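Please look through the notes below with the model open beside them.

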Amino acid sequence: GASESGATVHLYLEPDCGGLPVAQGPTDGSGTFALPVTVPKNATTLIFGTSTDSASNVGPCSPIPASYTHDDLPPNPPVIGTLTPTSPTATTTTPSVSLTAEPGSTVGLFLTDCTGVAIATGVEDASGQVTLTATVPENATSVLKAQATDAAGNPSACSPGVSFTHDATAPTAVVLTAIAPIGPSANPAPVLTGTAEALTDVAIFQDASCGGAPIAVTPASAT
């Protein structure tokens with residue numbers, strides 16, 4: 001700070017410069033000073049000062065304090081919210097990812113356990129929201145994780161992972177293995193069985209080119 005050249009500066013944590021000073025020292029020839037001050041941990045502290053000249057005249061308490069915030073507490077891990085488009089998708093490898101974290105913190109998005117270079121970064125707004133664009137590998141399932149770093153440089157723990165699948169590869173052809181009852185039969189609704197890619201929707205057609213509307217649609221099992 002600055003005061004009268006050759007004066008002695010006393011610093012206080014009380015608004016009226018009351019109590020004992022937490023630091024004191026002289027100004028230099030240009031009236032400036034630099035004094036170390038011990039402040040409470042993880043708190044914002046206002047620091048006030050007075051100046052005493054060589055004739056022992058004490059000046060008024062500084063009307064505008066200096067503000068200092070100590071913070072060594074890590075923020076909470078970010079919460080990964082909505083992914084757009086939803087997974088799985090064939091349309092894009094650059095989904096939008098909404099995240100919630102400490103307001104003002106910088107959030108990094110990772111494809112690993114929050115190590116290495118983030119694939120996207122952004123700053124949380126005043127309400128603790130930010131939307132980032134991730135770039136993920138084609139035709140693969142990626143696990144997105146996030147880490148927040150607050151204004152004091154404290155990193156959070158890595159968030160839980162959220163999966164995103166890009167799949168632009170067509171499934172293999174359906175294989176029909178059986179029909180029951182075996183025709184000819186008077187049953188107008190035979191049951192077909194077969195194999196297909198797990199968890200796909202299987203459509204049955206009467207047209208050899210699979211054209212027109214399907215006559216049945218059913219999901220394949222996980223096996």
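1. A disulfide is taken here as a pair of cysteine sulfur atoms within 2.5 Å. By the distance rule the protein has 2 disulfides. With the bonded cysteines counted along the chain, the pattern is 1-2, 3-4.

2. Some ground rules come next. The model is predicted, and local features need pLDDT of at least 70, side-chain atom pairs count only at pLDDT 80 or more, and totals for chains, interfaces and linings use all residues. Residues are numbered from 1 along each chain as its sequence is written, and side-chain values use heavy atoms, with hydrogens and water left out.

3. Which cysteine is joined to C17? The partner is C61, with an S to S distance of 1.9 Å. The link of C17 and C61 is right-handed, with 75 degrees about the S-S bond. This pair connects distant parts of the chain, 44 residues apart: C17 is in the loop between β1 (8–12) and β2 (23–26), and C61 is in the loop between β3 (44–52) and β4 (66–69). Strands (E, at least two residues) and helices (H or I, at least four) are DSSP runs, numbered from the N terminus.

4. Are these cysteines buried or exposed? Buried means under 20% relative accessible area, exposed means over 50%, and partly exposed lies in between (1.4 Å probe, protein chains only). C17 is buried because its relative accessibility is 11%. C61, at 23%, is partly exposed.

5. The other disulfide joins C114 and C158, with the sulfur atoms 1.9 Å apart. Its link is right-handed too, with 75 degrees about the S-S bond. C114 lies in the loop between β7 (106–110) and β8 (120–123), and C158 in the loop between β10 and β11 (162–166), so the bond ties together parts 44 residues apart in sequence. C114 counts as buried at 10% relative accessibility, while C158 counts as partly exposed at 28%. A further cysteine, C210, has 49% relative accessibility and is therefore partly exposed.

6. K145 sits in strand β10 (residues 140–149). What does K145 touch, leaving out residues up to four places away in sequence? Contact means heavy atoms within 4.5 Å, and the residues touched include both C114 and C158, along with D113, F110 and P160. The side chains of K145 and D113 are also joined by a polar contact of 2.4 Å. A polar contact is a pair of N or O atoms within 3.5 Å; within protein, one must be able to donate a hydrogen and the other to accept it, and residues adjacent in sequence count only if both atoms are side-chain atoms.

7. Now the sheet. Two strands pair if DSSP finds at least two bridges between them. An open sheet of 4 strands has the order β2-β1-β3-β4, with antiparallel pairing. β2 and β4 are at the edges with a single partner strand each, so one side of each has no neighbour in the sheet. Between β1 and β2 there are 4 bridges, and V9 stands opposite G25 in β2.

8. In a regular strand the side chains alternate between the two faces of the sheet. β14 runs antiparallel to strand β15 (residues 216–219), joined by 4 bridges. The bridge partner of V202 in β15 is T218.
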